Amino acid sequence: MMLPTSERYLGLLKLAARNPQQLLSPVPDPSALNGFSFPGISELGISTRDAFDDLEQLAELGYVDRQFAERGYFCWQCGHHALLFREVCPSCTSSNVEVGDLLHHFRCGHTAPETEFQDGVRYTCRKCGHQLRHIGVDYERPASSYLCGSCNYVSTEPDTACLCLGCGQRFEAERAELRTIYAYRINARGTLAVTRGELGDARGAGGLVDTEFGLYTFTYFDERLTQEVAASKRYKRPLSMMLVAFDPAEFAPGSQDIAQAMRHLVTGAKESLRDCDCAAMFREDCLAALLTDTDANGVPFALKRMQTAIDKTTDAAGAARLVLQPGAVTLDESHPTARAFFDDARATLHRLQSGEPAAEEPAPSPPPPAAE
Amino acid sequence: MDTLTLFFNFTLDYLESAVDWALGLNFYQFIRVFWAFLFLETPRYLFANLFVLYLWLWDRPVIEPHKFPVETPLVTVVVPALNEADTIHEVVRSLREQTYPNIEIILIDDGSTDGTGEKMSLLAAHYDLRVHRMARRQGKSAAINVGLSMARGEFVVLMDSDSTLERSTVWHLVRHFEDPKIGAVSGNLTVRNHNHSVLTRLQAIEYLLSLSMDRRFKAELGILSIVPGAIGAYRRELLSNVGGLEPGPGCDSDATIRIRKLGRQIAFAQDAICRTTSPTSVFKLMKQRLRWDRNLVRNRARKHKDIFYPSFANFRLSSMISFADAFFFLALLPALWLIYTVDMFFNYPGDYDFILLTMLVLHYISMTFRTLTGLIVCQFEYRLVPLLLVLPIYPFYRLFLKLIRLTALGQEVFFRKSYQDPFAPAQVRAQMEIY
């Protein structure tokens, strides 16, 4: 059954988001029309051909970014990747051509392909019956030639033609279509769509404020992240980020309104942030907070403030206290781009959630910073 | 017109007088006057030609097979080159045309200064061949020995870098090794540039008669003792066992003699045609022949004189006859001709011009017969038929060669001139063992 377009799009975006590199890379697949497919596509119930079309559409809409993967020639008619490039006779277009040297027999002037002279291991002239014995004395090889086995046409240069193994079409090599195969990387807008579970943007993916949580939109967050990383690098200002995942079910066990529970938690957490910080929902369950002018020593303080605020929220709701385990990172030289910085935070969060040990403990910080 | 008539009448009268003189000789006088023609080289050469003709008639030449057997041992062709940038490509081309299917080509640049080495590298990039470049000239023997050490073939073909081979040459050389007694095989040299001048045409006739027909004759008698450096094949192990080639001119004949000393035979492959470039000027020809002829003294009379000693461990009668034959034809004969000339000049001063004229006619008849025999036996040389036109002056060419030979022998006997020959580089000449 054909999935609705929006579901296919979302499925592809989720598939991309699941990938550690957030990338959908094509892998060789001889059975696919263009010779490539995406791993995991079959689970979505999407054909490879549709996947390429959909991803192109998503790239046009701005949810994913293209990355070069491969380039090659495809059938101009059916788009199939399996093309046989063949040397063909210019006269009859048969591929039954063989390359060989032309021999010129000095004695009688007979000039013909080498195969015509071959008499076992000897060369014998078919015209005068004499044997060709010494190159440069009896005979010469003036040029290479192509002999057509179908029509005996002799040419110095054959034509090149294609045979499509998909549709059987034969055509000149010039007509083969040069096409680029791309990998697709999900971008901020795509991530937001995955977070929200829809492509449409009720809270305004391109806007400033996420009205549901009273936070910035992730689109804005992404822009701001890029700016702050650039500014921090230029002016040597510290910059940190926290990704805090909430489990609303833990906060309100058995509650039917998970969204309401989530709003409570996020509102509580938001209270702990400074005015200069920037926060947005990264996924349905994850808050991303950009802590400007905060170095590694300041992050525990920010976390402590947030933990206190969450405790107040849980206490007020009479719920069990939650222990926050944010993925926190501080910008350093290992983060050449904002994307790398964000990915590092995501990876840290992922490690914490999966119970893996931290890659590296933060350095001890004797003097507490005067962060607000 | 009157002058022409007078000259014509004079010539006719003169020839009539010469014929009358010749026919007027009785049997004893005829033998006395033409003893050199009747008893020196003519019978030997005529007999050799008739013998080869007989072989050709009754022992048909081996024709190259239509297809080769699956097992064809690897043959390594070693081509040493010194300043042969213009010809090395032609050599490689002719080697790549060989019908023998299992050939390894090794080119050795002996420190060339004309870009031969670069051309070899270029050829190696296009064709399946191996190249070794000497940083400095070491001499032909060293270059060949390097090639020999690189060779992987069971048999090694050595050839000059100014020569080219017919398509079947390697096969015709190698097929002789089916006989385990054969240690080396001589190829058949012909002149590549015979149309260049009268001198090269004369050399073409000489190659046909002396290098082709005569070597076939000697090989059949088992007294062939030379494999030319321009084209020859050896069992690689055997050539390595005799230490490869030794420095200096005549290194090819020296190696062949050493192989003979080991009890092996030397075969002659008449159909293994190699076309070589002959000298185009008298000066170059003189230099070449002086070098060749000095080897008679250097190698046969001195270095390998033990061939004549019955006490020699590997003494063979055929080797001794081979040497004796060489001494007779290369040393004694020119001297006898000189004696004959003096004999006639002083004893028959009045008839000297008639003797000379009659000798020329007799030689012309003999040479025409021999050349025709050669052309019949060596079918490949039909194109040389027009060379019969230069036969009238061939006796003078032979006389010229005899004088060169006598000079060379004198130079070597008294001055060991071959040890000063720039054929080997100076640093090698300084260290060569002198015999």
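In the predicted model, A:His104 stands opposite A:Glu140, a residue of strand 11 of chain A. This pair belongs to an antiparallel arrangement in which strand 6 (residues 97-105) and strand 11 (residues 139-148) of chain A are joined over eight bridges. Strand 6 of chain A also pairs with strand 7 (residues 111-113) of chain A, again in the antiparallel sense, here over three bridges. Within this second pairing, A:Leu102 faces A:Pro113 of strand 7 of chain A. Strands 6 and 7 of chain A form a hairpin with five residues between the strands, and in this hairpin A:Gly109 adopts a positive phi near 80 degrees.

A further part of chain A is an open sheet of three strands, ordered 1-15-4 and paired in the antiparallel sense. Strand 1 (23-24) and strand 4 (64-74) of chain A each have a single partner strand and stand at the edges, so one side of each is left without a neighbour in the sheet. Strand 1 of chain A is connected to strand 15 (residues 177-186) of chain A by two bridges, and the two strands run antiparallel. A:Leu24 lies opposite A:Tyr184 of strand 15 of chain A.

Strand 18 (residues 239-245) of chain A runs antiparallel to strand 21 of chain A, with four bridges between them. One of the positions along this pairing is A:Leu243, whose bridge partner in strand 21 of chain A is A:Gly327. In a regular strand, side chains alternate between the two faces of the sheet. Strand 21 (residues 327-330) of chain A is covered on both faces: A:Gly327 and A:Val329 are buried on one side, and A:Ala328 and A:Thr330 are buried on the other.

Chain A as a whole contains 10 helices and 21 strands. Of its 372 residues, 34% are buried. Among the contacts in chain A with a separation of 6 or more, 65% are between residues 24 or more positions apart.

In chain B, helix 9 (residues 198-221) was examined for its length, bend and burial. Its 24 residues should span 34 Å at 1.5 Å a residue, and the end C-alpha atoms are 33 Å apart, which agrees with that expectation. After helix 9 of chain B comes B:Gly222, which has a positive phi, near 80 degrees.

The two chains meet through eight residues of chain A, which are in contact with 14 residues of chain B. On the chain A side, the touching residues comprise three nonpolar, three polar and two charged. For the complex, the predictor gives an ipTM of 0.73 and a pTM of 0.64.

Confidence was also considered for each chain. Chain A has a mean pLDDT of 83, and 89% of its residues reach 70 or more. Over residues 201-205 of chain A, however, the pLDDT is below 50, and this stretch has 10 contacts in the model beyond near neighbours in sequence. Residues 360-372 of chain A likewise stay under 50 in pLDDT, and the model has 13 contacts for them beyond four places in sequence. For chain B, the mean pLDDT is 88, and 98% of residues reach 70 or more.

Definitions and conventions. Residues are numbered from 1 along each chain as its sequence is written. Chains are lettered from A and ligands numbered from 1 in the order in which they are written. Two residues are in contact if their C-beta atoms, placed from the backbone, lie within 7 Å. Ala, Val, Leu, Ile, Met, Phe, Trp, Tyr, Cys and Pro count as nonpolar, Asp, Glu, Lys and Arg as charged, and the others, Gly among them, as polar. A residue is buried if 20 or more other C-beta atoms lie within 10 Å of its own, exposed if 12 or fewer, and partly exposed in between; C-beta atoms are placed from the backbone. Two strands pair if DSSP finds at least two bridges between them. pLDDT is the predictor's confidence in each residue, from 0 to 100. The expected span of a helix is 1.5 Å times one less than its number of residues. The bend at a residue is the angle between axes fitted to the seven residues ending there and the seven starting there.
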